[in-house]
Amino acid sequence: MKLYNTLSRKLENVVPLSGKNVRIYSCGPTVYDHAHIGNLTAYVYSDTLQRVVGAAGFNVTRAMNYTDVDDKTIRRSHEQFPQADPKVALTLLTDKYIAVFLEDMQRIGNDTKHVTFIRATDPKTMQGMRDLIAALHAKGFAYVADDGVYFSIDAYRKSGKVYGQLSEITAADTSEERIQNDEYDKESVHDFALWKTQKDGEPAWDFTLDGHDLKGRPGWHIECSVMSRQALGQPFDIHTGGVDHIFPHHENEIAQSTALEANPVMATVFVHSEHMLVDGRKMSKSLQNFYTLSDITNKGYDPLAFRVKVLQSHYRNSVNFTWESLDAAQNLLTNLRAWADLKHQKTAHNTSDELAESYANALRAIREALFDDLNTSLALGHLAQLANESETLGVHPEKIQPMLNIADQLFGLQLSERPTINDTQKSMIAKRQTAREAKNWAKSDQLRDQLKEQGIIVRDTTNGPIWQRT
RNA sequence: GGCGCCGUGGCGGAGUGGUUACGCAGAGGUCUGCAAAACCUUGUACACCGGUUCAAAUCCGGUCGGUGCCUCCA
């Protein structure tokens, strides 16, 4: 399969570093509030990457971090738990939003079972960060300042390595204004914090370096360098994130992770997803176009309709979220479900070879599209076409279930395990049919209404009644 | 200023140097107790201006517009 690698700015074949094993690290959320739909978009794409790499025949290992200590989490934890000890407050806040995040992930169909989630404040991560900072310091890549420990990009460059390979940033790119406004005590404007010493009221972890008492907390970038190495080893295969991570976050991760290594490669492929826009504009609270998943579900949309909406775009293009396009996604999801429900209904069964062949063809086209840099839009189009054709062609009784299983593996739309209706409901449909044949429209309509209340919609086709769950 | 992404029919949205993407919505028709679905027909899509070419929406250049990053950010 091919992926666009931000490092080379080209499509590249996925070639694992080790056998058939592909190790993926995804930058996860800062858990200080509900994720917004833009955040969730990025996770739908990275989840799809995990699914597709697996479907391509590789063994996937994936890790994702929780940034559970930073300015925002600390500020929020003070606001929400003003009486609590700072560390306790932080844990209360981040526990809450980790739970919310996991629930959102599951609601939109992301696989959370095959991902290792790691907290920045996990003791193992903390110790790893202290160790890495100390090692960087020992080799001259880090220096102690009044407010923390900084990474020296100058030292990194002097060691013969390239800083800025993802973003191609140069010193000239930093404006005069930024230099003048710089409030931190660092030697060069590019240098970034590895560790920040404690300010009043902040949660802090012990850290002693070269005789300095540096009780405080880690910087943002160091977390990912340590967690990815602890979980996956280094170098690993694929690093994912949003385009906003390219600089500075991933650039700095690479520098930290490779400063002490002969091989200056943190990960062989970097995959970055574009942002979601809402009504063609960046999401912002002031534009009132800032939504969470609950905002969507509270309007009656299925969370998986959001997934469909996201998958209808390509991850390297900005998705434009509009309510009208979410309507379209919801309708498509309903049609896909109606298709899946046909497997239970003999009147819709069709054992023709042509139908079996059309499944095989669609499957081939879907895999081809996904293996070509995750063309989810094209792939989903093929699936939708198959579902629409089933209205006239029916479904193949032996081939439909395997088809749905594979579709679920790739798209995560939960089509494969939809249950049949119960015996009472089946007999209601039969009674309704009898009533119709007797032209007892009042009774037949009444039965149809009753079924509808139970979430079963009945349609009359030339072959007989067909039901679908709403 | 530096580095990116993008501009496709009513709404979304792939893709491509010459051939229907697809989905959703709309109109007319067939079918139909009603409803729904399906099927048939239908809408003269590729921001603008130049250039290359037998042929460009697709390549090149420019213009305009949107959007993002430039140490909080999916």
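Buried means under 20% relative accessible area, exposed over 50% and partly exposed in between, with a 1.4 Å probe and protein chains only. The model is predicted: local features need pLDDT of at least 70, side-chain atom pairs count only at pLDDT 80 or more, and totals for chains, interfaces and linings use all residues. Residues are numbered from 1 along each chain as its sequence is written, and side-chain values use heavy atoms, with hydrogens and water left out.

Arg-130 lies in helix α4 (residues 123–138); helices are DSSP runs (H or I) of at least four residues, strands (E) of at least two, numbered from the N terminus. Arg-130 is buried but has no salt bridge. A salt bridge is a side-chain nitrogen of Lys or Arg within 4 Å of a carboxyl oxygen of Asp or Glu. Asp-131, the nearest side chain of opposite charge, is 6.2 Å away. Lys and Arg count as positive, Asp and Glu as negative; His and the chain ends are not counted. Leaving aside neighbours within four places in sequence, Arg-130 is in contact (heavy atoms within 4.5 Å) with Trp-195, Trp-205, Asp-206 and Phe-207.

The whole structure holds 18 salt bridges. In one of them, Asp-237 pairs with Arg-23, with the closest N and O atoms 3.7 Å apart. Asp-237 lies in strand β12 (residues 236–242) and Arg-23 in strand β3 (residues 21–26), so the pair ties together parts 214 residues apart in sequence. Both Asp-237 and Arg-23 are buried. Asp-341 and Arg-418 also form a salt bridge, at 2.9 Å between the closest N and O atoms. Both Asp-341 and Arg-418 are buried.

Definitions and conventions. Chains lettered and ligands numbered in written order.
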